[in-house]
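Hello,

Here is the structure I promised to pass on to you. Please have a look at it first, and then read my notes below.

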Amino acid sequence: MSNRLPAEDPLIRMQRDLKRALAKQPSEIKWGMVIDIARCIGCHACTIGCVAENKLPPGVVYRPVIEQEIGQYPDVRRRFLPHPCVQCQNPPCVKVCPVTATYSNDQGVVVVNYPRCIGCRYCLAACPYVARTSDFGEWYTDKTPELQGKLVGRETTAKAYEARPATEYGEKWPERGHGSPVGNARKCHFCLHRLAVGMLPACVTTCVGKATFFGDRTDPESLIFELIASPRVMRLKEELGTQPAVYYLE
Amino acid sequence: MNKNAFRILLGLGVIGLIAGSVGMWARLQYGHIPMAYGSYVPWGLWVAFDLIFLGLTAGAWIIVLLTYGFGMKQFERLGPLAVLTLLVSLLCEGIIISLDLGQPMRVYRFLVTPSFTSMLTWLVVCITAMWIIYLSMFYFLLRGKFAKADADADKDKYRAGVRILALINIPVGFVFFAVQGAFFAVMLNRPLWSSALTPVVFMAAAFLSGGALVTAMAAIFDRDKAVVIPLGRIVLVLLVAFLLLEAVQFFIGYQSNSPGAVAALNMIAFGPNWWVFWIVHLLIGSLVPLLFLLFRPDDSRSVAWACLLIVITFLAVRYNAVVPDLAAYNLEGLDQFFVHPRLSQAYTPNLYEWLVSLWVVSLWVVVFLLGTRWLPVIPAEKGGEQHAS
């Protein structure tokens, strides 16, 4: 009996692809992402899902969606371009990091070692995709009034959510305001902490238009392997030789 | 320098330190939160000042090159003064760039986990080498001065030490100034930086600003025409060479019609800070000094003013070398749909950044002036100031 449904939701298939990939040796996996621009409806759910998943502070974003307006009234169209870090396989940001704080891991994901990063922001300037942001230490609750002893006040509000660290890279980080990642470069890491426990990246599961696909691009059975072979496929600024692992379907 | 001028300058330096301490307090208390730079323009005023201080070190290098590379012995006595400018500049450079780091306490990482593919690592290696060479050279120069008048053997020993260090310093310094430009040039796809011309422009900028600084110092503290006039001529050549390189950069940028390069050049020449380029840099920092140096080349006072104008206005050159390239390069629409001040292509340094810069510049002035007062860096018969006993 086949283990596939006649018309399968891509999420179900990607989940199965993920399970198969995780059964391999980590170094044999090469994660990749495909974004179908024609399916993106510009809802920004992936951006917000990513912000919530990684508890990104103000001014830090891993996956903005660029909107472009094409034509002139009344013949106007809008086009949306979700823009995560494209996980270059020849990453310019890695070469410029003076303290080896950023590197490409075994699965081809460019990661940041927060405790090692000195915050020089050279990688931000060197990234041709402008895909990195710096954590300047800001808080959403900065302007919330302090009400000592009350139920709701800046400190209480912050501690309830904002001060609690995310589990990026599967690590337990200190409470916000006590060291890294404040002062560090930050970037999309394909939600490695979710992948490690068999969950797809937050931007994939929150995508309303089912425009984002993810998986092991070396697995011939995977959905992403099929999509990368599409004649519609393109990569951003391919002429730079950075070899992104994020593909777009035009 | 006469006593009154010394006191006024020292007083201004102390006032600058006091006023700038507000900015320093904000930086140390609140980190980067009060500052205006963001993720899309990640470097701002402090990096421009960092480049200023790095460039000013070229003055000492030029004196060493002239004295020991080309055997022009009349410049030898400027050695201690020039080395003092270099050491104070390196000190201020270290402070301002540390303040710019997100995690300044981790600078030890350069030693523990260095990456030699990064130009920043090489810049730190060069800065460390310059510290070692010039601190040692300063020691030998001062010991040479302190040696008893009849102790010729001692003097020869110290002179030999200086000579060896000077010869080592010539190639090291050359690499040091080239790496400053290479730091920017190696970045892919940057509109103006990504060019083989960038290291040459940065070297010319360093030689011009450093040369102008040391010439001004010679005119103020040494006042010997035999030293100041030839240095003024060298600065004139450096100024013309730098302006030519700048013109080439503009010509190639506009002729290439590359949208990024044109946007960056337009931002420099016709953007909101157009006056920084046309008035501060080209008029006050280039044309006026050029006229002084061309038409009054034998007047020490004119040479000194020309050089001071070049040094003071050089921030305009460094600011335009850093910010417009970052501000002009973007992905269309990137900053319009996830909106935050840190995610903006627009950057104007705010008061806190200026105050921190003021503090560091004031520190330069105070340490340098006290250095000239307390250390025998000025020929005794020239300075008009008694050294502290």
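**What I found in chain B**

Chain B has 13 helices and zero strands. Written out along the sequence, the pattern of chain B is α-α-α-α-α-α-α-α-α-α-α-α-α. Please keep in mind as you read that this is a predicted model.

Let me begin with the overall form. Along the principal axes, the C-alpha atoms of chain B fill a box of roughly 75 × 45 × 40 Å. The radius of gyration of chain B is 21 Å, which agrees with the value near 21 Å that a compact globule of 389 residues would have. Of the 389 residues in chain B, 47% are buried. Among the contacts in chain B with a separation of 6 or more, 79% are between residues 24 or more positions apart.

The largest nonpolar core has 184 residues, and Val83(B) and Met137(B) have the most contacts inside it. Leaving aside residues up to four places away in sequence, Val83(B) touches Ala60(B), Tyr134(B), Met137(B), Phe138(B) and Leu141(B).

Helix H2 of chain B covers residues 45-56 and helix H4 of chain B covers residues 79-100; their axes come within 8 Å and cross at roughly 160°. An angle over 145 degrees counts as roughly antiparallel, so H2(B) and H4(B) are roughly antiparallel to each other. Their crossing is left-handed. On the H2(B) side, the residues making the contact include Trp46(B), Phe49(B), Phe53(B) and Leu54(B), while those on the H4(B) side include Thr85(B), Cys92(B), Ile96(B) and Leu99(B).

Val317(B) lies in helix H12 of chain B, which covers residues 300-328. Is Val317(B) buried or exposed? Val317(B) is buried, because 27 other C-beta atoms lie within 10 Å, and the cut-off for buried is 20 or more. Not counting residues up to four places away in sequence, Val317(B) touches Ala205(B) and His281(B). Phe338(B) is 21 residues from Val317(B) along the chain, and the C-alpha atoms of these two residues are separated by 32 Å.

Enjoy exploring it!

Best wishes

Notes. Residues are numbered from 1 along each chain as its sequence is written. Chains are lettered from A and ligands numbered from 1 in the order in which they are written. This is a predicted model: local features need pLDDT of at least 70, side-chain atom pairs count only at pLDDT 80 or more; totals for chains, interfaces and linings use all residues. A nonpolar core is a set of buried Ala, Val, Leu, Ile, Met, Phe, Trp, Tyr and Cys residues joined through C-beta atoms within 7 Å. A residue is buried if 20 or more other C-beta atoms lie within 10 Å of its own, exposed if 12 or fewer, and partly exposed in between; C-beta atoms are placed from the backbone. Two residues are in contact if their C-beta atoms, placed from the backbone, lie within 7 Å. Helices (H or I, at least four residues) and strands (E, at least two) are DSSP runs, numbered from the N terminus. The radius of gyration is taken over C-alpha atoms; the globule rule is 2.2 Å times the number of residues to the power 0.38. Axes are lines fitted to C-alpha atoms, for helices over the stretch in contact, and angles run from 0 to 180 degrees between N-to-C directions. Angles under 35 degrees count as roughly parallel, over 145 as roughly antiparallel, 65 to 115 as roughly perpendicular and the rest as oblique. A crossing is left-handed if the near helix is turned anticlockwise from the far one by less than a right angle, and right-handed if clockwise.
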